[in-house]
Amino acid sequence: MTLDDIANTLRERNDAREPLTVKGGGTLSGMGTPSAAAPAIELKKLDRLVAHEHADLTCSVQAGMTLGSFARALAERGQFVPLDAPNRAKATVGGTLAAGWLGPRRHRYGKPRDLAIGSQVVLADGTVANAGGMVVKNVSGYDMTKLYIGSFGTLGVITRANFKTMPLPRSRRMLLAALPERSRDRALGQTAQLAAQPAMAVCVEGFGKAIAGEDGIDGRILLLFEGSASYIERATRDARSALGRAGVPETYIVDAGVEQQFERVLDACVIETGERTMMYRSLGTPGTAQERATLLRDAANRHELFTDVLLDVMNGDVFVNVSDRDARAFAQKIEACDDDLRAIDPHSVIVAGRAPIRSSLDAWGKPPAAIDKMRAIKARFDPNNILNPGRFVGGI
């Protein structure tokens, strides 16, 4: 669809009060409440890098461009925008923004809403609305672009986004280490205090071949460093020494294929195995992440379900993949397990899972305190409720 096609379609559907599904690459379709059957607006043809003002460190990109293509286009001028979402070959810029996906490098580079400086959105009545521009500081008053990010397409269809770009890191290196028994707490503490801060630091338990490395008794840790060659060398020495003090006997260095190993971590966050898995994400502070990870894992294990756990050391995210060997057994256990997981973290959300019972679970958990204001904004932007109805938190 062209921009005019999208505007005309929304105008017609709004007049008829007929709902629409807003669709990107489908890579984060496991997030949120499953959509009711409705015709889809797809943005695959809006797939160009519209402008790249490399001297000003800004760019403008159409929403249907995949993250992989976007990264390659910017890399030709030695720049990047860290939109760290899974399945980058299929994930689109617009879909990533609409889902508000938060990646593991945001503590260093910022969240997507921090990186976006402008947008073009088609509203429910077909109006094309532009916000921001192509300079980093260009907004007085409320920044409307930030309102659309994370709204799951319920306020409008993002068709273009402008970003501030960053210079590509000259060097990248990943460190891998298996964690011996009773070393995890010390390893996480030492990692969090590194002077040369890693761009990504995750502690993993399980995930088999999906993520590089093999578990020790306490899982394994993966550290990603980005920067100059001298910075990488200093960071490596500091990290290996810190992990050694934590009781980790050996740390492996990976210099080849770092990008691929990093993408495997991203992809694992929404991994699915047929109808016998469900992935939960718990957001919180780094200081509470280890406790949340342990409580969530143990709760699922009490229901005789298997777990894979990924803990983001720098940001505090916890991903818990709950599974069984048999889809029928999984369906019998997951509802009671879901109750226990939500008792531990009422705001945890389901980010992946294709089991039929998922439609009866509350994908969003407890609504936020601002839910009434969110509903009021939805009513103002989409009074006929045609855009992804019921997809977002609280049935928005």
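Start with a helix pair: on the H10 side Leu 295, Leu 296, Ala 299 and Ala 300 make contact, and on the H11 side their partners are Cys 337, Asp 340, Leu 341 and Ile 344. Sorted by type, the residues of this contact come out as 7 nonpolar, 1 charged and no polar. Keep in mind that this is a predicted model.

**How H10 and H11 cross**
- H10 covers residues 286–302 and H11 covers residues 327–344; their axes come within 9 Å and cross at roughly 160 degrees.
- An angle over 145 degrees counts as roughly antiparallel, so H10 runs roughly antiparallel to H11.
- As for handedness, the H10 and H11 crossing is right-handed.

**Helix H9 and the strands around its buried residues**
- H9 spans residues 258–268, and its buried residues are Val 258, Gln 261, Phe 262, Val 265, Leu 266 and Ala 268.
- Those buried H9 residues pack against strands S10 (171–178), S11 (200–205), S12 (220–227), S13 (252–254), S14 (277–282) and S15 (306–312).

**Thr 154, a loop residue**
- You'll find Thr 154 in the loop that links helix H6 (144–148) to strand S8 (157–164).
- Is Thr 154 buried or exposed? Its relative accessibility is 1%, so Thr 154 counts as buried.
- The Thr 154 side chain reaches the backbone oxygen of Ser 151 at 2.6 Å.
- Leaving aside residues up to four places away in sequence, Thr 154 touches Lys 378, Asp 382, Leu 387, Asn 388, Phe 392 and Ile 396.

Terms used: Residues are numbered from 1 along each chain as its sequence is written. This is a predicted model: local features need pLDDT of at least 70, side-chain atom pairs count only at pLDDT 80 or more; totals for chains, interfaces and linings use all residues. Side-chain values use heavy atoms; hydrogens and water are left out. Axes are lines fitted to C-alpha atoms, for helices over the stretch in contact, and angles run from 0 to 180 degrees between N-to-C directions. Helices (H or I, at least four residues) and strands (E, at least two) are DSSP runs, numbered from the N terminus. Angles under 35 degrees count as roughly parallel, over 145 as roughly antiparallel, 65 to 115 as roughly perpendicular and the rest as oblique. A crossing is left-handed if the near helix is turned anticlockwise from the far one by less than a right angle, and right-handed if clockwise. Contact means heavy atoms within 4.5 Å. Ala, Val, Leu, Ile, Met, Phe, Trp, Tyr, Cys and Pro count as nonpolar, Asp, Glu, Lys and Arg as charged, and the others, Gly among them, as polar. Buried means under 20% relative accessible area, exposed over 50%, partly exposed in between (1.4 Å probe, protein chains only). A polar contact is a pair of N or O atoms within 3.5 Å; within protein, one must be able to donate a hydrogen and the other to accept it, and residues adjacent in sequence count only if both atoms are side-chain atoms.
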